[in-house]
Amino acid sequence: MPPPATDRVIILDTTLRDGEQSPGAALNVSEKVEIAHVLEEMGVDVIEAGFPISSPGDFRAVQRISREIRNCTICGLTRANRTDIDAAVEALRGAACPRIHTGLGVSDVHIRFKLRITRDEALERGVEAVRYAKRFVDDVQYFAEDAGRAEPAYLHQVLEAVIAGGATVVNIPDTTGYTTPDEFGALIRGIVENVPNIHHATISVHCHDDLGMATANTLAGIRNGARQVEVTINGIGERAGNSSLEEVVMAIKTRHDHFGLETGINTQRIYPVSRLISQLTGIPVQPNKAIVGANAFAHSSGIHQDGVLKEPTTYEIINPRDVGVPDSEIILSARSGRAGLRHRLGELGYTLEEEQFEKLYQRFLYVADKKKTVDTRDLEAMVADEVQVFFEETYHLEHVQVSCGDHSIPTATVRIRGAEGQLFCDAAHGAGPVDAVYRAINRVIGEPNELVEFSVQAVTEGIDAVGRVTIRIQADEPVHENGVERRTFSGRGSDTDIVVASARAYLFALNRLIAARREEKG
Ligand code: KIV
Ligand code: ZN
């Protein structure tokens, strides 16, 4: 096997493209731009910013990210046709380093049943797409979709042809998450050994997690010669998701003895970015998730606690600080004042404008009054509600009051402030307190929608904990002429009273829906 070209692994983050394909993850343009900025800050090399032809929102997101991000390559996805490529070229105009990511299927099941063409036709179409994209940008990445289930000899033939056509990166996706690490590693080694011009391109790996092997497959890929990995924050993505940035990066760092490789990621940004993505997409991080789960550094058994107290490395292979996990022992109270809150927010890496800080401080006093002590997780929930909001709020919840209980009719009254300061007050009854609140809000706002998901989680331990509600609503949105598209909007809200948190979450989702409609109209 020829030696790998370099010991640096390029990180392509596809949270904004494959990650956004997670059911219900829908992000608006401003949220995507914010995510692009934090990815840049974190040291990601390539941001796959979207699929420009797929929707006007995706197009605008790629366009704004291309204009604002200066230190990363910005990549736009296309199918292997001129219309898609033209849209990507247009959206990427303004990028410091634009990349077009085009390609099509290489497995027989894709060629025969999805594309309904022959292998030769698929190869020709791929080469033609690369040549066409090359007229506009130097950097063209080719994806050989479903490479994990393709016949290697045909895959080699395609790769040789697209590299000859000008592809600078060849992406080998295990699209269906079917392969095992030894198989996927052998696939990459086979490419290194059998594609004569492979040294003119970087091999990229893009693995899905259908069998829970995405990260292992990605690492097997780099062990065998791949030098770009395609990953998402928290592993979000189509179906079971993609291999996760935090797992791949921390495996490379922690096991430097094994891989002998480096990435450009500032690992201390991992935890805050993971939380931001979870907040904005409404997709929670499972507690036992490697690196960023709430339990990733929690030691519950007495034997383990004893060991860690004596010497952390007895049970910890990663120092939590290396991935930016904040010290949750530090607590604040109402007496901490503005200075204390400001100092702690700074330590946690939040930089707030004065107006945002004042809003947050008022919320802090409200929570501190109810639960006496406020820890890092409470602060994160407040920041999510008050600061990490990337759309214009039309309606603001002023007051909610509920009467409910055994043998009574749950009834809710809400007071909502509109964009021009007007006050609306209404009441409704329902099957339960949350239903009653949602009905009362509907009477004020009157936006038809369906609640498709509702979950509540305690932010911290204890009976006085802040409850965090995450919801998803769906609404039919007008598209093109006379068409409608069912779209999903997530909402979140927190409070020590979970009915209030539910009201906040619902209003958040409705405001997001209204903002998206406004954005769509331009
Ligand atoms: O999984 C996949 O094959 C993809 C390609 C579009 C790269 O996401
Ligand atoms: Zn994918």
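This is a predicted model: local features need pLDDT of at least 70, side-chain atom pairs count only at pLDDT 80 or more; totals for chains, interfaces and linings use all residues.
Helices α1 and α2 cross in a right-handed sense. Helix α1 covers residues 29-42, and helix α2 covers residues 56-68. Their axes lie 9 Å apart, at an angle of about 35°. Which residues of α1 and α2 make the contact? From α1 come V29, S30, K32, V33, A36 and H37. From α2 come G57, D58, R60, A61, R64, I65 and E68.

Helix α7 spans residues 181-194, and helix α8 spans residues 214-223. The two axes come within 8 Å and cross at roughly 30°. This crossing is right-handed. On the α7 side, the contact uses P181, F184, G185 and I188. On the α8 side, it uses A216, N217, A220 and G221.

Next comes a sheet. Three strands build it, in the order β9-β10-β11. The sheet is open, and its pairing is antiparallel. The edges are β9, residues 396-403, and β11, residues 423-429. Each of these edge strands pairs on one side only. From one strand to the next, the twist averages 15°. Look at β9 and β10 in detail. Strand β10 runs through residues 411-417, and seven bridges link it to β9 in the antiparallel sense. Find L397, and you will see I416 of β10 standing opposite.

Helices pack against these strands. Helix α16, residues 433-445, lies across β9, β10 and β11. Its direction makes about 140° with β11. Helix α17, residues 498-521, also packs on the sheet. Helix α17 touches β9 and β10, and runs at about 140° to β9.

Stay with α17 and pick out one residue, L513. Is L513 buried or exposed? The relative accessible area of L513 is 0%, so this residue is buried. Which residues touch it, beyond the neighbours within four places in sequence? L513 is in contact with E447, I473, A475, E477 and F489. Take E477 from that list. It sits 36 residues from L513 along the chain, yet their C-alpha atoms are 9.2 Å apart.

Compare a residue in a strand. E145 belongs to β5, which covers residues 139-145. Its relative accessibility is 18%. The cut-off for buried is under 20%, so E145 counts as buried. Leaving out residues up to four places away in sequence, E145 touches L104, G105, V106, S107, H110, K114, P173 and T175.

Finally, step back to the whole protein. How many helices and strands does it have? There are 17 helices and 14 strands. The C-alpha trace spans about 75 × 70 × 45 Å along its principal axes. For 522 residues, a compact globule would have a radius of gyration near 24 Å. The protein has 25 Å, so the value agrees with that of a compact globule.

The interior tells a related story. Of the 522 residues, 54% are buried. The accessible surface comes to about 23300 Å². Carbon and sulfur atoms account for 50% of that surface.

How values were computed
Residues are numbered from 1 along each chain as its sequence is written. Chains are lettered from A and ligands numbered from 1 in the order in which they are written. Side-chain values use heavy atoms; hydrogens and water are left out. Two strands pair if DSSP finds at least two bridges between them. Helices (H or I, at least four residues) and strands (E, at least two) are DSSP runs, numbered from the N terminus. Axes are lines fitted to C-alpha atoms, for helices over the stretch in contact, and angles run from 0 to 180 degrees between N-to-C directions. Contact means heavy atoms within 4.5 Å. The radius of gyration is taken over C-alpha atoms; the globule rule is 2.2 Å times the number of residues to the power 0.38. Buried means under 20% relative accessible area, exposed over 50%, partly exposed in between (1.4 Å probe, protein chains only). Accessible areas come from the Shrake-Rupley method with a 1.4 Å probe; for residues, only the protein chains shown count as cover. A crossing is left-handed if the near helix is turned anticlockwise from the far one by less than a right angle, and right-handed if clockwise.
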